[in-house]
Protein chains: 2
Amino acid sequence: MPLFLNTRDAGFEAAFSALLGMKREDSPDVDAVVAGIIADVRARGDAAVIELTAKFDRLELAADGLAFSEAEIEAECAKVSDEDRAALELAAERIRAYHARQMPEDARWEDAAGATLGWRWGPISSAGLYVPGGLASYPSSVLMNAIPAKVAGVERLVVVCPTPGGVVNPLVLLAARIAGVDLVYRIGGAQAVAALAYGTETIAAVDKITGPGNAFVAAAKRRVFGKVGIDMIAGPSEILVIADGETDPDWIALDLLSQAEHDESAQAILVTPDAAFGQAVAAAVDRRLETLERRGIAGASWRDFGAVIVVRDLEEAAQLSNRVAPEHLELCVADPEALAERITHAGAIFLGAWTPEAIGDYVGGPNHVLPTARSARFSSGLSVMDFLKRTTIAKMTPAALRAIGPAAERLAISESLEAHGLSVRARLDRLNEG
Amino acid sequence: MPLFLNTRDAGFEAAFSALLGMKREDSPDVDAVVAGIIADVRARGDAAVIELTAKFDRLELAADGLAFSEAEIEAECAKVSDEDRAALELAAERIRAYHARQMPEDARWEDAAGATLGWRWGPISSAGLYVPGGLASYPSSVLMNAIPAKVAGVERLVVVCPTPGGVVNPLVLLAARIAGVDLVYRIGGAQAVAALAYGTETIAAVDKITGPGNAFVAAAKRRVFGKVGIDMIAGPSEILVIADGETDPDWIALDLLSQAEHDESAQAILVTPDAAFGQAVAAAVDRRLETLERRGIAGASWRDFGAVIVVRDLEEAAQLSNRVAPEHLELCVADPEALAERITHAGAIFLGAWTPEAIGDYVGGPNHVLPTARSARFSSGLSVMDFLKRTTIAKMTPAALRAIGPAAERLAISESLEAHGLSVRARLDRLNEG
């Protein structure tokens, strides 16, 4: 049974705070192990990567076999059905079209003092994308990470994806090919992150590493942050649905379960002003859990972290949702646009009952890599911007320097940074001589 | 003596690679200490913060005296000279004008399938700005961090700034007031970062923490990353100057020294096709080092990490600069615009001999919080975007769902995510009934 709350109840605030503070992730402290793996890969390169892959993935690799060959990729891609290929291509096309609109513009202007100011965007030169192996090896995630990088103009884009026991997901390789990935390495774990960050004899270091992974991968990304860029540290998936009760309860149940089935630590929350509807959705969830393939995972998530919250009205629903700052927010109400105006923190909003969250996972266009664990309060989903960086530009004329230079000199002196002040003063003196 | 290199020399590539790989920071491993401090502040709140401040800053505070009062701020601000105040206000105005132009636009469109897509930017609700105490307590950094936050629309903005022995920098308080900071706490170190991330009885938690600090502050920021947002982990300052030799060598010497004087670990590099000019600049540096107030710091930086690199031409200079990816890049050449076109990685570019880097530190307008330690390869200076987050938006119509839903269902099935597929299928079935 999920948690049932009603904002009219006396104990609501305490119960809701407990829900917000709930620790969903059992994150083992693997930091010491990961530090050792990174040091080993830095010291011994390919040899360490090969040993660790044999140990963790039960896979013997040669140094010249860390990456899939073109022929291997070709053979794997040939296994994909035409229908799956067409679906991946439609998804890729829509994701590309959405992200192409995100390209930010350069700027350059002259201000009243005569200074030319501005900025310029440029792509990161190289990026590495981590793709988990096994159950969570999602071809859609390959598209969601690789396409923004390609749209940004990243020149060299590689994927690392462990293949435990040598088992490969052909759709992952096809997605990499469709997205324009240059190389796919069959390695994973902290050793793959270390190889991407520091390079080995056969793996060239990259400038940024993105993509989800287990606790080892997350700890490794945190450790190499600074040496290379990283995206966010992803946590288990979440959905919050605000429903006015005018939708089929079974639809909402399936939307909640589509996050719950990801992970036992996932969280699905329904917020509704209609208590009877809340009960109906919970009943529909139970019915679906009888037959769902992943009922073990989804059932555990719903039981341990699920919640149905009955509110006074939609305004209160929006306020609660903003405190949760959910990764995915569905607004299944008569006027979703009006309700969206009340939302301040959410990774992605799905407007109206015809927009199940799953559309956003695959073919909507927006990115499905989104901030989890309440981090939508301060961060955004993956975008083209994650593969670009901005260089600021300033150019003074003699007149501009005369106008604003003295203030710079003054502040430099106040900060006891004499050479800063002198570098301005030397030029001002020349102007005064002239 | 700094390093003198010439790209025509046989040993150049090895020497340049060594320069790139040089470890400039002596970063003590303070992680265990910091973990203890964070745990202590989480467990005991204000009491821990007060004890740690007494221990590290030799300052006894009461729980109701952690923040400066309005009267205290007023009294400190009154000590600032009119000239310093005017200089700060000019800087603030120019920084505000520059950052106002960075506000990104929302987007919303309908695509061929009938799907409405887009995104919306919104401010982070609250931010905490770390300002170092003592020598590195720079009022300009208060402006550079606080103004982008205010421009973004951050509602609650607080500063933490240690005041060892109770010594306060009035300009820091005035800068905070000018920038619109709500509260200034006289605490620092890992305990201040922990208080901002987790909150205490008297300090409300914030959603993002920015600003530079020592090894303890950096380790604390790395640890709380995920619970709150952080900006970059800042390293020692750097400048690379590309000069064609037509500028007064003394100007270039002062520009190099204006970074060297920050920190013994700072790095200043001159790249020039004119060997004699390189020698002349080095001689000018030596002359200036005889009298510079911070000659101890600047001299050590120049001796240990400084370099003069003689190149064949400006194209080669640009290539070397791109490998360095400097925080600050000055182009003191006849046609700086043309050379800037060849630059792919740099935090900030200063065009032409009339634009000393120090202008950018104070009054230019662009942010002076910039990526160090070669991280301009993958990250950008602080901006309004660091205080905003983006929510993506998707809305399907029945027709849009009919067009792209089947592909989503197909991909969900291929990823063994049955509920994802069913959430789409249930709606498609309804449409087919209708």
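Residues are numbered from 1 along each chain as its sequence is written, and chains are lettered from A in the order in which they are written. Because the model is predicted, local features need pLDDT of at least 70 and side-chain atom pairs count only at pLDDT 80 or more, while totals for chains, interfaces and linings use all residues; side-chain values use heavy atoms, with hydrogens and water left out.

**View 1. The interface between chain B and chain A buries about 10600 Å².** Buried area is the accessible area (1.4 Å probe) that two parts lose on being put together, summed over both, and here 57% of it lies on carbon and sulfur atoms. On the chain B side, the greatest losses of area to chain A fall on W354(B), F378(B) and R427(B), which together make up 8% of what that side buries. Each chain, B and A, contributes 122 residues to the contact, where contact means heavy atoms within 4.5 Å.

**View 2. Strand β14 of chain A pairs with strand β13 of chain B.** Residues 388–395 of chain A and residues 348–351 of chain B run in the parallel sense over 3 bridges, with T392(A) standing opposite A348(B). Strands (E, at least two residues) and helices (H or I, at least four) are DSSP runs numbered from the N terminus, and two strands pair if DSSP finds at least two bridges between them.

**View 3. An open sheet in chain B contains 5 strands with parallel pairing.** The strand order is β6-β5-β4-β7-β8; β6 (183–185) and β8 (229–230) stand at the edges with a single partner strand each, so one side of each is left without a neighbour in the sheet. Strand β7 (residues 208–210) is joined to β8(B) by 2 bridges, and in this pairing I209(B) stands opposite I230(B).

**View 4. K208(A) is a buried residue in strand β7 of chain A.** Its relative accessibility is 7%, buried meaning under 20% relative accessible area, exposed over 50% and partly exposed in between (1.4 Å probe, protein chains only). The side chain of K208(A) reaches the backbone oxygen of D386(A) at 2.9 Å, and the residues that K208(A) touches, not counting those up to four places away in sequence, include I124(A), V228(A), D231(A) and, from the other chain, F378(B).

**View 5. E409(A) and R425(A) form a salt bridge between two helices of chain A.** The closest N and O atoms are 2.7 Å apart; E409(A) lies in helix α16 (residues 398–414) and R425(A) in helix α17 (residues 418–433), so the pair ties together parts that are 16 residues apart in sequence. E409(A) is buried at 14% relative accessible area, whereas R425(A) is partly exposed at 24%.

**View 6. R186(B) and E72(B) meet in a salt bridge within chain B.** The N to O distance is 2.8 Å, and the pair links distant parts of the chain, 114 residues apart, with R186(B) in the loop between β6 and α8 and E72(B) in helix α4 (residues 70–77). R186(B) is buried at 13% relative accessible area, while E72(B), at 32%, is partly exposed.

How values were computed
Polar contact = N/O pair within 3.5 Å; in protein donor to acceptor, adjacent residues only side chain to side chain. Salt bridge = Lys/Arg side-chain N within 4 Å of Asp/Glu carboxyl O.
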